[in-house]
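Please look over the sequence and the structure shown below. The paragraphs that follow lead through them step by step.

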Amino acid sequence: MSAQQIASNKTSELREGVRQAYTAIAEHPQEDPPFPTGRELAAALGYSPELLDELPGVAVEAFAGVSCVSLFAEVPRGASVLDLGCGAGLDTLIAARRVGRAGQVIGVDFSEAMLRRARQALAEAGATQVELRQGDAERLPLKDASVEIALVNGILNLNPARQEILCELARVLQPGGTAYLAELVLQEPLSEEERSRPASWFT
């Protein structure tokens, strides 16, 4: 087996590990997840208790971001927004509030289990200006130059195809558009052995 095939297999294993972790969070958010999630995490990251009370619980209880990107991003009324790695829809709903009825938000996630939660949250909130799509971050199901703003709340640290993801963000953003990315950053590189273990990507 070539080095390229080995690397591809490891990437596939990591992707499946991430998918299984997020499926478990979406289906059983109260059980012990591999990393912090839910309302307590959201509050610690800067989402106010009042805001979380206003949003559907189905989105809040399965939140799994790393920052409050939908709050600190500049999101004007009427804008078109991509929420990449939308998960259960917490940032998607906040972005929808900010763009108003004249705007549009597209939430993209690779986990069908998370998207089911997000669909329920959108229905509860009556957010009709939002569209959800299943897809991979490195192959976005969007047309070229189709959004003005992209929000990314903690997916690059769970996907080794970072160059491809950044290229896709550049492709779908309109000229002059802006991407707001919030990520965890290591203080020192992981060893090759640590990188190859799926569990290392969640700790």
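How do the residues of the lining of the largest cavity divide into nonpolar, polar and charged? In this predicted model, the lining of that cavity consists of 18 nonpolar, nine polar and five charged residues. The cavity itself holds about 450 Å³ of space, and the count of cavities of 30 Å³ or more comes to one. Of the 32 residues that line the largest cavity, those closest to its centre are Tyr-22, Gly-85, Asp-109, Phe-110 and Ile-155. Two or more lining residues come from each of the elements H1, strand E1 (80-84), helix H6 (90-99) and strand E2 (104-109). With five residues, H1 gives the most to the lining of the largest cavity.

The chain as a whole gives the setting for this space. The secondary structure of the protein chain comprises nine helices and five strands. Along the sequence, these elements follow the pattern α-α-α-α-α-β-α-β-α-β-β-α-β-α. Of the 203 residues in the protein chain, 48% are buried. Among the contacts with a separation of 6 or more, 74% are between residues 24 or more positions apart. The accessible surface of the protein chain is about 10300 Å², and carbon and sulfur atoms account for 51% of this surface.

A pair of aromatic rings is described by the distance of the centres and the angle of the planes. A search of the whole structure finds two such aromatic pairs. One of them is formed by Tyr-22 and Phe-35, a tilted pair with 5.5 Å from centre to centre and 45 degrees between the planes. Tyr-22 belongs to helix H1 (residues 3-27), while Phe-35 lies in the loop between H1 and helix H2 (38-44), so the pair ties together parts that are 13 residues apart in sequence. Tyr-22 has a relative accessible area of 12% and is therefore buried; Phe-35, at 13% relative accessibility, also counts as buried.

Tyr-47 and Phe-63 form an aromatic pair that is edge-to-face, with 5.3 Å from centre to centre and 70 degrees between the planes. This pair links distant parts of the chain, 16 residues apart: Tyr-47 is in the loop between H2 and helix H3 (49-54), and Phe-63 is in the loop between helix H4 (57-60) and helix H5 (69-72).

Notes. Residues are numbered from 1 along each chain as its sequence is written. This is a predicted model: local features need pLDDT of at least 70, side-chain atom pairs count only at pLDDT 80 or more; totals for chains, interfaces and linings use all residues. Side-chain values use heavy atoms; hydrogens and water are left out. Rings of Phe, Tyr and Trp (its six-membered ring) pair if their centres lie within 6.5 Å; planes under 30 degrees apart count as stacked, over 60 as edge-to-face and the rest as tilted. Helices (H or I, at least four residues) and strands (E, at least two) are DSSP runs, numbered from the N terminus. Buried means under 20% relative accessible area, exposed over 50%, partly exposed in between (1.4 Å probe, protein chains only). Contact means heavy atoms within 4.5 Å. Accessible areas come from the Shrake-Rupley method with a 1.4 Å probe; for residues, only the protein chains shown count as cover. On a 1 Å grid over the protein atoms alone, a cavity is a set of points where a 1.4 Å probe fits but cannot get out, and a pocket is an open set with protein on both sides within 12 Å along at least five of seven lines; lining residues have an atom within 4 Å of a point. Grid points are joined across faces, edges and corners, and a volume is the space filled by probe spheres set on the points. Ala, Val, Leu, Ile, Met, Phe, Trp, Tyr, Cys and Pro count as nonpolar, Asp, Glu, Lys and Arg as charged, and the others, Gly among them, as polar.
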